[in-house]
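Morning, everyone. Please look at the model on the screen, and let's walk through it together.

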Amino acid sequence: MMEVLSEKKVAIVTGAARGIGAEIARTLALKGYHIALVDLRLSEELESVKKECVAIQKDCRVILLAADISLEEDCKHAVEATKETFGRVDVLVNNAGRTKDGLAMRMDRDSFSAVIDTNLTGAFMLSSLCLPMMVRQKSGRIINMSSVSGIYGNAGQANYSASKAGLIGLTKSLAKEMGGRGITVNAVAPGFIETQMTDSLPDKVKEAAIERIPLKRFGKPSDVAELVVFLASDEASYITGQVVEVSGGLVL
Ligand SMILES: NC(=O)c1ccc[n+]([C@@H]2O[C@H](COP(=O)([O-])OP(=O)(O)OC[C@H]3O[C@@H](n4cnc5c(N)ncnc54)[C@H](O)[C@@H]3O)[C@@H](O)[C@H]2O)c1
């Protein structure tokens, strides 16, 4: 039976088990959203993000959904389960992402496609599944997690950069399609943020990066999460089709 909890807004966050996605979930909880946390599996990490959200906001309802967003069936299941539980979807944060780095001349097609399928096609599938509900509600927010690599390119990341550039095209096209329906679509492009994704970088690469960043540090997941939650808010209702960098001024 469908339960309607219309007084609170409902957000879906993908890649919510750790890093930027987990911080987005905690920040949305603080702002009073109900949340569907999506990640590859129902891990202890994902369970603890749920506990943290509920500790932050006692009446925050959180559901955990195991879904590989590169698979259409999993995307359908995640959106259906959210609608079944909450009766609405107000915000979709397409945050889940992966890398499979290597020089293009040695990169096989599978390595290219695997990254595109998660980072770009997954975001497309989830967006198209959420949009009919948002159209009915006459409001909605989609926020896509791009990257500075998608704007400027990055050696060794042809697949990742192409997926993140693709997300920018997706963002602008959806913004044009959906503007008349009260739905905004924006992209966030982080630079170097302290998460497991950047932990594995060699110290030399980290030091060289910090040298190039005017603010002289890597960002924190909260630096990105605060922007995402703003873009999701009513206060951001006149912002659509934009790509906002959160990079400490990495490229100026
Ligand atoms: N950390 C950075 O410096 C940085 C910079 C630019 C962009 N980004 C982007 O921000 C987003 C979050 O990055 P992060 O640093 O928190 O990464 P992370 O690797 O710490 O977390 C990514 C999460 O996505 C999940 N995920 C991966 N593939 C998935 C799939 N197919 N289906 C469902 N979930 C999946 C992982 O299980 C993980 O929990 C990513 O899209 C990433 O590309 C990160």
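One definition to start. A residue is buried if 20 or more other C-beta atoms lie within 10 Å of its own, exposed if 12 or fewer, and partly exposed in between, with C-beta atoms placed from the backbone. By that count, 45% of the 252 residues of the protein are buried.

Now the ground rules. This is a predicted model: local features need pLDDT of at least 70, side-chain atom pairs count only at pLDDT 80 or more, and totals for chains, interfaces and linings use all residues. Residues are numbered from 1 along each chain as its sequence is written.

Next, the overall build. The protein has nine helices and seven strands. Those are DSSP runs, numbered from the N terminus: helices are H or I with at least four residues, strands are E with at least two. The C-alpha atoms fill a box of roughly 55 × 35 × 35 Å along the principal axes.

Let's go inside. A nonpolar core is a set of buried Ala, Val, Leu, Ile, Met, Phe, Trp, Tyr and Cys residues joined through C-beta atoms within 7 Å. The largest one has 66 residues. Among those with the most contacts inside it are V13, V38 and V228. Helix α4, residues 109-137, gives the largest share, eight residues.

What does V38 touch? Leaving out residues up to four places away in sequence, its contacts are I12, V13, T14, A16, L65, A67, I69 and A78. Contact means C-beta atoms, placed from the backbone, within 7 Å.

V228 takes us to helix α9, where it is one of the buried residues. Nine of the twelve residues of α9 are buried, so this helix is largely enclosed by the rest of the structure. Its cover includes α1 and the strands β1, β4, β5, β6 and β7.

Helix α1 (19-30) comes back at the ligand: α1 and α7 (196-199) are the elements that give two or more residues to the shell. How many residues surround the ligand? There are 27, and the closest are G15, G19, G97, T195 and M197. Near here means a C-beta atom, placed from the backbone, within 6 Å.

Last, two lysines. K138 has a positive phi of about 60° and is not a glycine. K138 sits in the loop between α4 and β5. K216 also has a positive phi of about 60° without being a glycine. Its loop lies between α8 (203-212) and α9. Buried or exposed? K138 is exposed, with 9 other C-beta atoms within 10 Å. K216 counts as exposed too, with 10.

Definitions and conventions. Contact = placed C-beta atoms within 7 Å.
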